[in-house]
Amino acid sequence: MSNLNFLQPIGRTFLNALAGLGRLTMFAGAGFANIVRPPFYPRLVLKQMIEIGYYSLPVVGLTAIFTGMVLALQSFTGFARFSAESAIPNVVVVSITRELGPVLASLMVAGRIGAAMAAEIGTMRVTDQIDALSTLSTNPMRYLVALRLLAGVTMVPLLVVVADIVGVFGGYLLSIYKLGFNPSTYLHNTFDFLKTEDVVSGLVKAAVFGFLVALMGCYHGFNSKGGAQGVGTATTNAVVSASILILISDYIVTELFFSR
Amino acid sequence: MIANGKASGTPKIEIRGLTKAFGPKQVLRGIDLDVGQRESLVVIGGSGTGKSVLIKCVLGLIEPDSGSIKVDGEETIGLHNADRERVMRKFGMLFQGGALFDSLSVWENVAFGLMSADGVGRREAKEAALRNLAAVGLGPEVGELFPAELSGGMQKRVALARAIARKPEIIFFDEPTTGLDPIMADVINDLINKCVGSLGATALSITHDMSSVRRIAHRVAMIHEGRIIWQGPIGEIDRSGNDYVEQFIHGRAEGPIQMPVRPL
């Protein structure tokens, strides 16, 4: 058997990965189930919603406006080669609503909110505060995790609505003031070309991404151990894994919506 | 007061054959321990001998590998949801580091269980919290502060107030005097005696502070390498006839307990 020993690490890694996936799935299931189970904590849900939805506005707005501007500028320099400048409004609005609005806004939220959640919950874990919740007859999954998942799923789509509008506006500003487009023609082209499906698919993505960001923040925070260093690792893992999952699920949702 | 713990009736907590391993590390190797009604039992033992794991198993925070834990004669291992919460309702716990919620003010910490789990209104819960703070010698002005603004001793007292706020039947104390100066440690010991006495509660503590043991224990059990190797009333601890206990209570480096330290 010893000549097969080299297979051991492969198998062990694979089994560990499966076990981790199983733990994550059970964690997500327990978190979701607790959203609908009383007692509810409306004050805390509101606090999380404000934290995600309101305080992320400046970051998301800045990201969106510059993305819209760059998009218009890049499209212009590219499309001018084959005299297709008139397609800029269409390119901007479709790219922003379908793709860049949800993805970039969620990545910013992952950095802001995912990290904060992992750090807060992780610190609570290593200082026994989560155990203390249990001894005070309070389910930590409900008190900490469920309401963050709820806030993530509901608030990130709202942020993306803002990002869509600001992003399209950024493209508009640049096209009007730098590239010399006619304002009314630009707006007309923008809304003529836009379909409900573009926006809806973007918002579905946003809900998925919001869930993933909150889930990663909570999961890594909840399972952090070993003091300050453990909390640091948890925070890093939360942001990195949320970002990667956003990009992967972005592909999957796009496939589901548009591959027909 | 029950001095020997062998009183009649079911013990408040009855632990049998409790084992727990973390990976290859066997922490508890079959713990048998009874805590009588209204008795204060202190478990002593060195660091890493399984004291904290034992207490977390009883609290249901860690699931043991095998064995039985009965509270008031009712098996608690394997209880879930509503049943688990009903049993947990009997418990209060003072964590080693206090484990105060740093996002909440002091009075909200103390009133947390009342508001979150027992459905007591904010105003009423605040009054109860201030009464409990007074019971541990803290004025109402402390209630408005946040845990980070308090000294270590004050944090411990707030944590004690939180542990007793819901009038638990059983209170667990995890290293209640660790990290405190000797005078504050004695204040905490006093408060523990007072609170446990006035609630008529059963107390299970873990510590390695011998002066604390002598102040709060009715009975002492010593844990070593995951087993209870000696137990008896506090009065007998100085004539236990057990080398391990002798070494521990006198704090000697030489003896049957070998610390994993390389010689210099």
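**Exercise 1. In what order do the strands of the open sheet of six strands in chain B stand, and what is the pairing?**

*Solution.* The structure is a predicted model, in which local features need pLDDT of at least 70 and side-chain atom pairs count only at pLDDT 80 or more, while totals for chains, interfaces and linings use all residues. Residues are numbered from 1 along each chain as its sequence is written, and chains are lettered from A and ligands numbered from 1 in the order in which they are written.

Step 1. The order is β6-β7-β8-β3-β9-β10 (chain B), and the pairing is mixed. Helices (H or I, at least four residues) and strands (E, at least two) are DSSP runs, numbered from the N terminus. Two strands pair if DSSP finds at least two bridges between them.

Step 2. The edges are held by β6 (91–94) and β10 (227–233) of chain B; each has a single partner strand, so one side of each lacks a neighbour in the sheet.

Step 3. From one strand to the next, the twist averages 15°.

Step 4. β6(B) and strand β7 (residues 170–174) of chain B run parallel and are joined by four bridges. B:Gly92 stands opposite B:Ile171 in β7(B).

**Exercise 2. Describe the open sheet of four strands in chain B.**

*Solution.* Step 1. The strand order is β2-β1-β4-β5 (chain B), with antiparallel pairing.

Step 2. β2 (25–35) and β5 (74–75) of chain B are at the edges with a single partner strand each, so one side of each has no neighbour in the sheet.

Step 3. Two bridges pair strand β4 (residues 66–71) of chain B with β5(B) in the antiparallel sense. Here B:Val71 is opposite B:Glu74 in β5(B).

**Exercise 3. Describe the secondary structure of chain A and the packing of α1(A) with α6(A).**

*Solution.* Step 1. Chain A has nine helices and zero strands.

Step 2. Helix α1 (residues 7–35) of chain A packs against helix α6 (residues 140–177) of chain A at an angle of about 85°, and their axes are 8 Å apart. Axes are lines fitted to C-alpha atoms, for helices over the stretch in contact, and angles run from 0 to 180 degrees between N-to-C directions.

Step 3. α1(A) and α6(A) are therefore roughly perpendicular to each other. Angles under 35 degrees count as roughly parallel, over 145 as roughly antiparallel, 65 to 115 as roughly perpendicular and the rest as oblique.

Step 4. Among the residues that make the contact are A:Phe32 and A:Ile35 of α1(A) and A:Val145 and A:Leu149 of α6(A). Residues are in contact if their C-beta atoms, placed from the backbone, lie within 7 Å.

Step 5. By class, this contact of α1(A) with α6(A) has eight nonpolar, two polar and one charged residues. Ala, Val, Leu, Ile, Met, Phe, Trp, Tyr, Cys and Pro count as nonpolar, Asp, Glu, Lys and Arg as charged, and the others, Gly among them, as polar.

**Exercise 4. How many residues does each chain give to the contact of chain A and chain B?**

*Solution.* Step 1. Chain A gives ten residues and chain B gives 15 residues.

Step 2. On the side of chain A that touches chain B, two residues are nonpolar, six polar and two charged.

**Exercise 5. State the confidence of the model for chain B.**

*Solution.* Step 1. Chain B has a mean pLDDT of 88, with 96% of its residues at 70 or more. pLDDT is the predictor's confidence in each residue, from 0 to 100.

Step 2. Over residues 1–7 of chain B, pLDDT stays under 50. Where pLDDT is low, the predicted coordinates should not be read in detail.

Step 3. The model scores ipTM 0.87 and pTM 0.88.

Note on methods
Two residues are in contact if their C-beta atoms, placed from the backbone, lie within 7 Å.
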